[in-house]
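These are my notebook entries on one structure.

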Amino acid sequence: MIVATLLQWFTWRTILLIWAGIALITAFVYTMKGKGGAFPGKEITIKNAKEVGSNPSFWIMVLLFAMAVGGNAGIFAMLPLFFVTERGFDLTSANIIIGLSQLSGILFVFLAGWLTDRVGQKTVMAATLFFTAILTILLAVVKGKMLVIVLFLQPAVLSAFFPAGFAAISRTALPALRSVTNSLGPPLSFLLGGGLMPVIIGYMAESYSFSSGILLAGCFMMMGPLCVFFLRLGESDELDGC
């Protein structure tokens, strides 16, 4: 939505420069004024990475995050093309509707934190991936007004995964290695969900249809609750760490 507004006055190159400038200024201000922990985390060394990677629960969390990121950024990257080529929307309408739909998750994420504290991280992750999988499958099937409704519901439900997910992934390793766990896990997940997922959907679109690619993404997320079942969290919660 911001890009669509700024394009009235700036080129896409200028918008990227503006966004990069805002990111640099934000990083500088936080470095000077931020009140985060004053202690350093563990370094990402081969030894620390091997210790984190030796835990199967870490890789399960990487897979779960890949499902969540794929259901969000991975699908979102391809939705404008899907709406225009297979659902009959013009590009402007598609961008506006898809942009607005992403705002629904902002409100739900606060409820997700409260819910995680009461029912547990594993329950929230399993439930959100299950219902998001159903909504993603519906996204590939339904049309018209129902498509718009599902489009708004899907990111809202999926947003509940991330508060529980970030809390859970830090509990897959020793507390002293939480910084390493959180430095390695989400980037690996984004590589799979945010990088590989759009490629697969694009390939499916060329070979079959966008709908089939989105349907495949929904089926992938349906594996989430099963993966959560094998997850082991908090075995070292009583130990000290960062």
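**Entry 1: the largest pocket**

I began with the lining of the largest pocket, to which H6 gives the largest share, three residues. The model is a predicted one, in which I required a pLDDT of at least 70 for local features and 80 or more for side-chain atom pairs, while totals for chains, interfaces and linings use all residues. Residues are numbered from 1 along each chain as its sequence is written, and side-chain values use heavy atoms, with hydrogens and water left out.

For the terms, I worked on a 1 Å grid over the protein atoms alone: a cavity is a set of points where a 1.4 Å probe fits but cannot get out, a pocket is an open set with protein on both sides within 12 Å along at least five of seven lines, and lining residues have an atom within 4 Å of a point. Grid points are joined across faces, edges and corners, and a volume is the space filled by probe spheres set on the points. Helices are DSSP runs (H or I, at least four residues), as are strands (E, at least two), numbered from the N terminus.

I noted a volume of about 250 Å³ for the largest pocket. Its lining consists of Met1, Val3, Ala4, Phe76, Pro80, Asn95, Ile98, Gly99, Gln102 and Leu103. At least two residues of this lining come from each of helix H1 (2-6) and helix H6 (91-101).

**Entry 2: the cavity**

I found one cavity of 30 Å³ or more. The largest cavity has a volume of about 60 Å³. Its lining is formed by Gly71, Asn72, Ile75, Phe76, Leu79, Gln102, Leu139, Leu151, Gln154 and Pro155. Helix H4 (56-76) and helix H9 (144-158) are the elements that give two or more residues to this lining. The largest share, four residues, is from H4. By class I recorded six nonpolar, four polar and no charged residues.

**Entry 3: nonpolar cores**

A nonpolar core is a set of buried Ala, Val, Leu, Ile, Met, Phe, Trp, Tyr and Cys residues joined through side-chain atoms within 4.5 Å. Buried means under 20% relative accessible area, exposed over 50%, partly exposed in between (1.4 Å probe, protein chains only). In the largest core, of 43 residues, Met61, Leu64, Leu79, Phe83, Met125, Leu139 and Phe161 touch the most other members. Helix H8 (residues 121-141) contributes the most to this core, eight residues. Another core, of six residues, lies apart from it and includes Val52, Val62, Ala173 and Val180.

**Entry 4: two residues**

Which helix holds Ser211? I located Ser211 in helix H12 (residues 210-221). Ser211 counts as buried because its relative accessibility is 14%. Leaving out residues up to four places away in sequence, Ser211 touches Phe82, Glu86, Arg87 and Ala140 (contact means heavy atoms within 4.5 Å).

Leu115 lies in helix H7 (residues 104-119) and counts as partly exposed, at 32% relative accessibility. Leu115 and Ala160 are 45 residues apart in sequence and 8.7 Å apart in space, C-alpha to C-alpha.

**Entry 5: confidence**

I noted a mean pLDDT of 86 for the chain, with 95% of its residues at 70 or more (pLDDT is the predictor's confidence in each residue, from 0 to 100). Among the elements of the chain, H8 has the highest mean pLDDT (92) and H1 the lowest (77).

Note on methods
Ala, Val, Leu, Ile, Met, Phe, Trp, Tyr, Cys and Pro count as nonpolar, Asp, Glu, Lys and Arg as charged, and the others, Gly among them, as polar.
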